[in-house]
Amino acid sequence: MTFLLDVKGLNVRFRTEFGLVHAVNEVSFSVSKGETLAVVGESGSGKSVTALALMRLLDRTALIDGEASFEGVNLFTMSEKEMQKIRGARIGMIFQDPMTALNPVFTVGDQIAEVVLIHRDCTKQEAKTRAIEMMGLVGIPDSRRRVDQYPHEFSGGMRQRAMIAMAIANSPSLLIADEPTTALDVTVQAQVMEVIRSVQESIGLTVMLITHDLGLVAGFADRIQVMYAGQLVETAERDRIFYETRNPYTRALLDSIPSQLGVPGTELKTIGGNPPSLLSPPPGCLFQPRCVHATEDCRMTRPELKSVGQNHLSRCLRSSDLGVLR
Amino acid sequence: MTDLVDVNSREGLGAESLSFGRLALRRFVRHRPAIVSLFLLILMVLAFFFAGRLSNFAFDAVDVTKRLENPSREHPFGTDEIGRDLFVRTMLGGQYSVRVALQVSLLATAIGTILGAIAGYFGRWVDTAISQMINLILIVPALIVLAVFAQRFGGSPVGLALVLSGLLWTRIARVVRGVVMQYKEQEFVLAAKAVGAKPGRIVARHILPNVVGSVLVEITLLLGTAIVLESTLSFLGLGVQPPIPTLGNLIQQSKGAIDDAPLRVLLPGFFVVFFVLFINFLGDGLRDALDPRSKRQ
Amino acid sequence: MLTYVIRRVLSTIPLLIGAMYLVHVGVSATSDPLASLRLCLPRCQEGYDRVVEIYELDRSIWVRPFAWFGDAIRGDFGKSEALGEPVGNVLLERGLNTAMMAIPAFLISALLAVLLSVYSARRQYSKTDYVLTGFSFLGLALPTFFVGLVLQVFWGVWFPQWTGMKPFYTGSMRTGSVLELLQSITLPVLTLVIVSVAAESRFGRANMLEIISSDYVRTARAKGLSESRVIWKHALRNAMIPLVTLWALDFAALLSGSVITETIFSWPGLGPAFVIALTKPDLDLVMGITILAAVIAIVFNLIADLLYGWLDPRIRFD
């Protein structure tokens with residue numbers, strides 16, 4: 001089976017005034033055509049950095065190594081010029097905060113048309129027509145009029161739709177959505193996810209969804225991978241993550257989802273403590289200080305990512321003796 | 001990523017129990033240009049006030065046999081057209097310039113803080129009146145006010161300081177007004193009001209402590225502005241009048257000798273430039289130390 | 001928008017009148033045009049009476065400004081005693097000389113400020129960036145008169161000493177030929193450029209750096225735009241918004257006469273005329289230059305606000 005995106009041994013380190021920060025450590029994963037992969041973790045787990053590294057959008061303080069093969073080419077070795085032909089054309093990306101992600105001084109239509117104009121051989125008028133068409137596709141009503149409006153005349157949800165329109169205007173094969181709903185109202189969140197799902201179906205898009213919200217991905221993702229402190233800790237089909245959880249961190253994340261039913265009297269669980277310093281990580285398991293199952297061994301030995309079932313990997317020294325966690 | 005680094009650094013230093021003041025002090029001390037500048041500034045001011053006493057010459061002692069002499073052991077900066085020692089004169093000039101600048105920054109800060117606080121706290125017509133006054137001062141080209149009033153009062157250092165303060169209080173007033181307006185609706189102020197505290201007490205005890213940081217930064221800027229304005233006015237002949245020397249009128253007096261002894265003209269100017277340069281570094285350091293969110297650039 | 005402009009202009013009129021009134025009273029209170037004439041009384045009673053009549057010295061200084069306002073509305077700004085010409089003519093002639101210097105100085109410094117901020121933003125923390133930032137910091141500490149003096153000393157004394165050549169005039173305006181004009185205008189323009197570029201480029205760099213790390217610039221990059229398109233189109237347009245105000249204030253200040261630069265280089269613009277007017281004092285000339293400067297300041301503030309609105313669609317004028 002060939003993958004649309006195949007990442008091997010990705011490391012991202014940041015040079016800071018305090019030293020090197022290991023933001024992403026030896027992360028390997030792949031995404032097949034048409035599927036939806038959700039990358040889940042707390043803030044600082046390295047999930048957004050992973051996405052930005054793939055797009056090569058990190059600033060100069062970032063050191064990236066590893067390999068990312070996308071449609072048969074390595075994203076990390078190509079020139080900046082070639083990379084510009086991938087961004088916005090073959091890979092679209094949307095960001096967390098639609099309030100700040102659009103340029104305030106240009107019309108929404110101009111910003112969508114621009115991405116069409118630079119990647120395709122077409123006239124300004126054709127690009128604008130395409131922009132209107134895209135705005136319709138993502139459910140912006142009255143798109144013929146709103147194409148000439150500025151971002152400040154759009155609501156948060158509408159801006160995120162405009163961002164999606166911009167990201168998919170050139171029919172890319174991969175859409176990276178970095179926390180696309182975090183900054184939005186709960187009611188709008190569902191609408192935006194619905195838009196992503198519908199365009200995915202209509203143009204056959206592969207989606208890499210980055211979020212901290214396991215509840216959000218429950219109905220959306222095909223596969224889930226969980227990250228913690230820059231490492232991949234568990235990855236499997238969606239249902240296996242939810243019902244055959246093997247990693248204590250994933251379990252803790254699942255337990256901290258507020259119950260949809262809201263049973264009165266149930267206490268909302270949180271994960272105590274903080275993630276470890278990525279400047280000088282402790283020797284053993286990185287989750288060990290906050291883990292309810294931790295043993296002396298966990299403090300000394302760094303666990304490897306091991307197969308615990310069909311297409312199911314988990315990083316825990318005790319995965320075999322703990323079994324499925326509930 | 002930044003929040004992550006931040007958390008770690010604070011954990012690493014164990015600094016969470018430090019008060020804001022101690023944290024600000026620590027940040028300031030770590031700002032090397034500001035510390036070096038503060039040191040040099042103190043050195044410079046000490047020199048202005050005391051170095052002149054090391055010389056055997058008085059600032060106004062004329063010796064026509066030693067006109068326009070080059071720097072020597074006896075006269076480290078040389079002598080002027082009528083044989084006065086330029087080292088003593090420059091130091092004394094620096095002293096007068098610094099005095100004027102200090103007086104201006106104290107007075108302008110006092111006026112600005114009081115009027116700004118009144119405008120911000122009472123709002124309505126009081127605010128309108130004070131704001132229009134500020135606009136009026138800003139609309140007239142500064143030099144006109146300075147020159148018109150300097151004609152009358154500006155011959156003396158104190159007079160010039162008064163005139164400059166009358167012009168320079170507006171920036172601080174605007175800063176203070178903004179902060180006061182921002183804080184007067186906050187819970188702790190409303191609480192103080194609710195228990196019947198008087199406006200003066202509320203402003204002084206609950207609101208003004210919040211402006212100390214921004215005002216400190218403004219004061220450093222003010223010191224720089226005042227010394228530049230003083231020297232510029234005196235250079236144009238509109239500021240402090242001879243025989244009292246200031247850095248500005250020293251340049252004005254030796255300007256005629258620019259072809260023969262150019263360095264003599266520039267020397268007092270260098271003191272102005274370095275004073276302002278150090279003051280600006282100091283202000284930068286203070287800003288970084290007092291406003292943790294500001295980026296260090 | 002027209003109503004906005006009209007309302008803005010109307011709202012500044014009371015302020016303008018107030019300012020002019022204060023200047024008139026201030027100058028009257030601090031000057032005595034009769035000082036020398038009084039000494040020769042009663043021999044020159046005739047001249048004494050004439051001056052009393054011209055300046056309405058028999059009336060209180062608080063009502064004297066009204067006569068000036070009356071004449072000014074009719075376009076009569078009086079006669080400059082110091083220069084022996086109608087104030088209107090002085091303003092026109094000297095204003096043109098000032099503009100000759102102000103316009104190139106403004107254009108060059110604005111262009112340099114943009115180029116330097118873009119450069120610093122693209123090469124942040126490079127050696128050149130550090131050097132440029134250091135120079136702009138030094139530039140902020142330089143009083144204008146000092147810059148002028150240093151240039152005069154260098155090009156007027158040292159450079160001729162070393163090379164035997166004197167490529168630029170260090171004082172007075174010469175208009176004999178284009179070359180002469182260039183030779184005499186270069187140093188004053190350079191002085192103005194050095195002083196304004198320091199502040200403008202420092203401000204521009206800080207803006208540019210903030211914008212370059214903003215979300216919408218990241219979006220522009222994620223669209224696959226080239227770095228130059230990201231900077232020159234998406235970032236610069238936003239970075240210009242706050243710069244416009246600074247530019248307008250700087251240009252207004254330059255156009256109303258750079259007192260110090262023009263005085264140092266003996267440039268016959270509004271600046272030296274103003275110093276003459278103040279030291280005499282020549283009341284009508286002071287009033288004339290003041291109102292010209294105030295009007296220029298008001299107009300350019302308005303232009304800045306309109307440009308601001310044009311660059312930033314979030315601003316509405318109503």
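Modeller: The helix is α5(C), and a kink of about 25° is centred on C:A99. The bend at a residue is the angle between axes fitted to the seven residues ending there and the seven starting there. Helices are DSSP runs (H or I, at least four residues), strands are runs of E of at least two, and both are numbered from the N terminus.

This is a predicted model; local features need pLDDT of at least 70, side-chain atom pairs count only at pLDDT 80 or more, and totals for chains, interfaces and linings use all residues. Residues are numbered from 1 along each chain as its sequence is written, while chains are lettered from A and ligands numbered from 1 in the order in which they are written.

Now the length. Helix α5 of chain C covers residues 87-122, which is 36 residues. At 1.5 Å a residue they should span 52 Å; the expected span is 1.5 Å times one less than the number of residues. The end C-alpha atoms are 50 Å apart, which agrees.

Next, the domains of chain C. The assignment, automatic or from a database, gives domain 1 (2-76) and domain 2 (93-281). Their C-alpha centres lie 36 Å apart.

Chain C also has partners. Two residues are in contact if their C-beta atoms, placed from the backbone, lie within 7 Å. By that rule, 29 residues of chain B are in contact with 33 residues of chain C. On the chain B side, α5 (124-139), α6 (142-153), α10 (212-235) and α12 (262-290) each supply at least two residues. The largest share, 9 residues, comes from α12(B).

Chain A touches chain C as well: 23 residues of chain A are in contact with 19 of chain C. Here α2 (80-86), α3 (98-101) and α4 (108-119) of chain A each supply at least two residues. α4(A) gives the most, with 4 residues.

Chain A also holds an open sheet of 4 strands, in the order β2-β1-β4-β5, with antiparallel pairing. Two strands pair if DSSP finds at least two bridges between them. The edge strands are β2 (19-31) and β5 (73-74) of chain A, each pairing on one side only. β1 (5-16) of chain A pairs with β2(A) over 9 bridges. In that pairing A:F14 stands opposite A:V21 of β2(A).
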